[in-house]
Amino acid sequence: MVQVLGAASAMVNTGMHPAQLKGNAESPGGTTITIAGIHELEKGGYRATLMNAVVAISKQSIAKSTWKKLTLSPDNLECCMQ
């Protein structure tokens, strides 16, 4: 999780696209980021798990706040105060 937060911070601080940051972290012929590693993350459902965690945290945050409406879809996360 620390790596995910670090990557998010780097994106915000530099304004660079994730692919650019990945390219900067790779070493020629190295093992920093490999197709095999990415395949294992995807096979384990990493992306879906991370997205589900963000949705769960958002729902919990809204439930504890004055927010009254939450509409979630794959393309849209819309929160509105009523």
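Visitor: What share of the 82 residues in the protein is buried?

Guide: In this predicted model, buried residues make up 4% of the 82 residues. A residue counts as buried when its relative accessible area is under 20%.

Visitor: Which elements does the protein contain, and in what pattern along the sequence?

Guide: The protein has 4 helices and 2 strands, and their order along the sequence is α-α-α-α-β-β.

Visitor: What makes Glu-40 and Lys-43 a salt bridge?

Guide: The closest N and O atoms of Glu-40 and Lys-43 are 3.1 Å apart. The rule asks for a side-chain nitrogen of Lys or Arg within 4 Å of a carboxyl oxygen of Asp or Glu, so the pair qualifies. Both residues lie in helix α3 (residues 35-43), 3 residues apart, about one turn of the helix.

Visitor: Why is Glu-40 called partly exposed, and why is Lys-43 called exposed?

Guide: Glu-40 has 45% relative accessibility, which falls between the cut-offs of 20% and 50%, and therefore counts as partly exposed. Lys-43 stands at 57%, over the 50% cut-off, and so counts as exposed.

Visitor: How do you know that Glu-42 and Arg-47 form a salt bridge?

Guide: Their side chains meet at 3.0 Å, N to O. This lies within the 4 Å limit, so the pair is a salt bridge. By this rule the count comes to 2 salt bridges.

Visitor: What makes Arg-47 exposed and Glu-42 partly exposed?

Guide: Arg-47 is exposed because its relative accessibility of 51% is over 50%. Glu-42, with a relative accessible area of 38%, lies between 20% and 50% and is therefore partly exposed.

Conventions
Residues are numbered from 1 along each chain as its sequence is written. This is a predicted model: local features need pLDDT of at least 70, side-chain atom pairs count only at pLDDT 80 or more; totals for chains, interfaces and linings use all residues. Side-chain values use heavy atoms; hydrogens and water are left out. Buried means under 20% relative accessible area, exposed over 50%, partly exposed in between (1.4 Å probe, protein chains only).
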